[in-house]
Amino acid sequence: MLVYGNRTRLTMPRMESLPKSSKPFGDLVKTDRELQGVDPSISELIAPELVEVDPRDRLTWSNLGIVLSIPIVGGFVVFGLVYLYNPSAISWLASSNAPVFYSRSLWNVPKSISQIQSELGRSQLKLGENFNLKTGETLYTVLETETQNIREIRLYQSIRDRDVEKLLLVSTTTVAGIDEYFARSPLLKYITYPIPERLQSSRNRLPLKKLSLLNDPPSQFNGIWFTTSGNVDGITYGQIYYFATDKRSQLVELDAWTSATGELPKWRKALSSNTNSIQLVINQTQAFEPSFLIFQPEEAIANSINQIQLRQVNLNEAKNQPKAYQDALVMASVGLWSPALGKFNLMVDQLRSQGKTLSPFLQEQYDLIALHAKITSEQAQNPNSSLGEKALTNIVDGRWTEALAIANDPAYKGDKIAEMLAKYHPHIWQRVMTMLTFTGATEIKLWGGLVVLQRDGLRRSEHWLRSQKVDPKDSNQLLQRLDLAPISLKPQQLLGTVAYIGKGNAGSDWFLPPPKLEAGQAWYEVSVNLIKGGDKWLNDPFSELSDRSSILLWKTLGLSLNNTLGVVMYDGYGKSQTATLTAQSLWVGDDGRLKILATGEASLAPLLTKSMIPPLVTSGGTFAPPRGTPVDWRNLPPRAIERLIRTMYSELQRNGQVSMGIEDFSVLVQQQWTLSEVNLDGFGKPEYLLLLDRAQVDLGDRHYPLAIAFSSDGSLLFSDMNGGRIWIDVLPSATEGQILTLRNGRYEMWNFRAML
């Protein structure tokens, strides 16, 4: 370092080379060349001052404009976003009376009614009914144009937009319909058949058609309550909504509901102990079965998105409660409200003796049970009810002894009790099975037996009562009187065979006690082979009669009006002899075989054995088969005559009974044998029937006349010459083609079509 006077000179070593510029021919290179002709000492002094600054590092006006535009552009962006989200927030752009808290955006601007209808019409929708709310808003339903089903619920605010009345959409709620299984669930409680697949939960949804305000709501809530509703098969169902009318107006979807009575939910004071509040009540009562669902409106929990909720008063069991309380809830769950209230009162009395009271939860349950018990008790005391209704309402109220006294009353036939059992036996059965867990009272078991009688028949009812240790002396007469369910078979006439029993004991298997046998009389057993029911004959067994009371069968078979039986016996020449019997009792097997115990003259017994075929027993009048129309051989076509003659000749020849040629046989037949025209197969086209007595064709000791049946073209349909099936006669019936035959010692209805 060199010093000149007071100046200090700093010398630096000369750089062998300069840093390379980012530009191949940039300013740094140019500056170096310009300094080449300057004195080195001077250049060293002036070089720092002569170095030029890069123009890119200078602050220009354009740069300043760009910098200043950044906040301006940002302001416009923010302004645009605010306007897109809520133009009303910008007061100088908003309508004069648009509330600042309602949602508006570029896609939700006020529209006129016609604009809204046009917009909805493009989606096959339209505005439906509307309700003007006190808060100034209007509720609208949006309907499907074709079905009128509600698709949406919309809340609109009426505003003036540029001095034009328009509607601003505040909120909208989609309506999805109600699950059909839920809507029908009250009626499915007591069904005795499998639930159809389409009614399984969440399989099908029912539409909603109407919007209704729920009047007289609780005063502690400032909102508005309303419900949608629809109907199916007399059931009304719907969804409850609540519209909160604060600065954040909100449409809250609450509980779905259903009512078999067709009623809308109602606000009422249902909990007697809570006089300061009002509840929403849904009526699900069915006939004499009261059922009310009670909902308590409450503020929602803090973290809930909804402002309000409906809490149902239920019968859920509280912990650590005495057995009387537990029993009360079990009884109430099957509709035994009065017995449940009695059990609950035991607990209340116990608490009072300890200086305690019911908790609010238990008090609500008590009020719920008391409400229903009051109704069932009033029903049971109604003096204007029919006998069946009185018995049912007493059972519903838990008055088993009073109900049984009505059923046992001999002053009436019991038909009303039977009708009641047919309709309400599932309701009674649940109560019976519940009460049998608390008591073994005979009157409750007898009602259980009556339910089994209605549901499963007499035999199973008797078996069930035996399993419950009920003495048959206490049940037999009751079951016999009340087995009154309809029988589809309407017997008009009986046919069968008869056998001699004797003069002693008739046996102990008969359902009705036989009378004492009179002098000169004997016991006979009739086996019923056929019954004429309606317009046709039926062969045994008769399964519908297998499980019914003897009193009902006696009446159904017509024996209570006329118990006389006719007996027809046949000799070896087709001549008949008749006698009578008197029916005294009956028996029906598990498979439907029917027998009748009868009395008759003892002298009839040997005559029965002399009959060539089993004697035919008839009831309901004389057996009068239809007769065919005689046919004039001359009116038949020659071809048909030839075929008939050849068929008869072959049939007789096969049995060795022809001693003449076919030509002579043809002359004999056309001159002496009578051919009848009868409809035998039930198809409307007549057939030909030839009946031959023993004088015409003698095949030995057998039933006569012999029968040969032909089709209309002369072909053979039937011949009883071989004896496998013996022809008796055409059965009297509106159903043609039913023939009475004898086979294996039993009479039988037979049809030609069964053979073809």
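At what angle do helix H10 and helix H14 pack?

## The model and the chain

This is a predicted model, in which local features need pLDDT of at least 70 and side-chain atom pairs count only at pLDDT 80 or more, while totals for chains, interfaces and linings use all residues. Residues are numbered from 1 along each chain as its sequence is written, and side-chain values use heavy atoms, with hydrogens and water left out.

The protein chain has 19 helices and 31 strands; these are DSSP runs numbered from the N terminus, with helices being H or I of at least four residues and strands E of at least two. Of its 756 residues, 44% are buried, where buried means under 20% relative accessible area, exposed over 50% and partly exposed in between (1.4 Å probe, protein chains only). The chain exposes about 41200 Å², 52% of it supplied by carbon and sulfur atoms; the areas come from the Shrake-Rupley method with a 1.4 Å probe, and for residues only the protein chains shown count as cover. Among contacts (heavy atoms within 4.5 Å) with a separation of 6 or more, 54% are between residues 24 or more positions apart.

## Two nonpolar cores

The largest nonpolar core has 52 residues, and Ile417 and Trp447 have the most contacts inside it. Such a core is a set of buried Ala, Val, Leu, Ile, Met, Phe, Trp, Tyr and Cys residues joined through side-chain atoms within 4.5 Å. Helix H11 (residues 415-435) gives the largest share of this core, eight residues. Beyond its neighbours within four places in sequence, Trp447 is in contact with residues including Trp400, Leu404, Ala407, Ile417 and Val432.

A second, separate core has 32 residues, among them Leu494, Leu553, Ala583 and Leu604.

## Helix packing

Back to the opening question: H10 (residues 400-408) and H14 (residues 472-482) pack at about 65 degrees, with their axes 10 Å apart. Axes are lines fitted to C-alpha atoms, for helices over the stretch in contact, and angles run from 0 to 180 degrees between N-to-C directions. From H10, Leu404, Ala407 and Asn408 meet Leu478, Arg481 and Leu482 of H14. By class, this contact has four nonpolar, one polar and one charged residues (Ala, Val, Leu, Ile, Met, Phe, Trp, Tyr, Cys and Pro count as nonpolar, Asp, Glu, Lys and Arg as charged, and the others, Gly among them, as polar).

## An open sheet with a helix across it

Four strands form an open sheet in the order S13-S14-S15-S16, with antiparallel pairing; two strands pair if DSSP finds at least two bridges between them. S13 (266-268) and S16 (308-312) are the edge strands, each pairing on one side only. From one strand to the next, the twist averages 40 degrees.

Inside this sheet, S14 (residues 279-283) and S15 (residues 292-299) share four bridges, and Ile282 has Leu293 as its bridge partner in S15. Helix H8 (residues 360-380) lies across S13, S15 and S16, at about 150 degrees to S15.

## Hairpins

S21 (residues 576-588) is joined to S20 (residues 564-570) by seven bridges, the two running antiparallel, and Met569 stands opposite Gln577. Their hairpin has five residues between the strands, and Gly574 takes a positive phi near 85 degrees. S21 also pairs antiparallel with S22 (residues 594-601) over six bridges. There, Ala583 has Ala598 as its bridge partner; Ala583 also belongs to the second core.

Two residues lie between them, and Asn744 in the turn has a positive phi of about 55 degrees.
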